Amino acid sequence: MAQLTGLPIKNTVVQAMRFAVVGIASNALGFCWYLLLTWLGMGPKTAMSLLYLIGTLQTFVFNKRWSFQYHGTDKMVLVRYLATYGFGYALNLVMLIILVDYANLPHLIVQATMIVAVAGLTFILQKFWVFAPSNAPLKNSHYDRSI
């Protein structure tokens with residue numbers, strides 16, 4: 001079978017599909033809340049910030065257990081997850097400032113685009129850093145090469 005950095009491509013595809021289901025559900029709900037909050041008068045950056053925090057916390061368990069099937073006991077996994085989403089948040093905020101405040105682009109289009117861009121970035125970081133097999137115990141795993 002074709003390999004991607006030592007891991008079967010099939011595994012990556014399954015993880016990506018599961019990550020997409022979690023992300024689409026979370027972001028669809030979050031974007032609806034974003035539309036409502038901005039319509040009610042909340043600023044785009046405030047709404048994005050509030051909803052980003054809520055979305056990050058709600059997706060941690062789903063991505064950990066279902067998308068990446070990470071069952072390790074590494075306490076740093078949550079720190080890595082929060083760092084990943086912190087980076088994604090900062091990128092999202094900077095792009096809103098640049099593209100909405102300075103380039104005068106519509107905030108709805110910018111935010112919708114950033115949802116997709118940040119999702120791709122966070123998948124890569126979660127797969128290869130946050131929930132990487134090297135961060136989980138190797139026992140009873142197809143990654144275990146010991147006898």
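Reply: Helices (H or I, at least four residues) and strands (E, at least two) are DSSP runs, numbered from the N terminus. Val21, for example, is found in helix α1. This is a predicted model, in which local features need pLDDT of at least 70 and side-chain atom pairs count only at pLDDT 80 or more, while totals for chains, interfaces and linings use all residues. Residues are numbered from 1 along each chain as its sequence is written, and side-chain values use heavy atoms, with hydrogens and water left out.

Me: Which residues touch the most other members of the largest nonpolar core?

Reply: In soluble globular proteins, nonpolar side chains tend to be buried together. A nonpolar core is a set of buried Ala, Val, Leu, Ile, Met, Phe, Trp, Tyr and Cys residues joined through side-chain atoms within 4.5 Å. Here the largest one has 21 residues, of which Val77, Tyr81 and Phe131 touch the most other members. At least two residues of this core come from each of α1 (9–39), α2 (44–67), α3 (76–102) and α4 (107–130). Leaving aside residues up to four places away in sequence, Val77 is in contact (heavy atoms within 4.5 Å) with Phe60, Lys64, Tyr70, Val130 and Phe131.

Me: How many aromatic pairs does a search of the whole structure find?

Reply: Rings of Phe, Tyr and Trp (its six-membered ring) pair if their centres lie within 6.5 Å, and planes under 30 degrees apart count as stacked, over 60 as edge-to-face and the rest as tilted. A search of the whole structure finds 12 such pairs. One of them is the tilted pair of Tyr52 and Tyr85, with 6.1 Å centre to centre and 55° between the planes. Tyr52 lies in helix α2 and Tyr85 in helix α3, so this pair ties together parts that are 33 residues apart in sequence. Both Tyr52 and Tyr85 are buried. Phe60 and Tyr81 form an edge-to-face pair, with 4.9 Å centre to centre and 70° between the planes. This pair links distant parts of the chain, since Phe60 is in helix α2 and Tyr81 is in helix α3, 21 residues apart. Phe60 is buried at a relative accessible area of 14%, and Tyr81 is buried at 0%.

Me: Which residues form the salt bridges, and how far apart are their closest N and O atoms?

Reply: Side chains of opposite charge can pair when their charged atoms come close. A salt bridge is a side-chain nitrogen of Lys or Arg within 4 Å of a carboxyl oxygen of Asp or Glu, and the structure holds two. Lys45 pairs with Asp101, the closest N and O atoms being 3.2 Å apart. Lys45 lies in helix α2 and Asp101 in helix α3, so the pair ties together parts that are 56 residues apart in sequence. Asp74 pairs with Arg80, with the closest N and O atoms 2.8 Å apart. Asp74 is partly exposed at 23% relative accessibility, whereas Arg80 is buried at 9%.

Methods: Buried means under 20% relative accessible area, exposed over 50%, partly exposed in between (1.4 Å probe, protein chains only).
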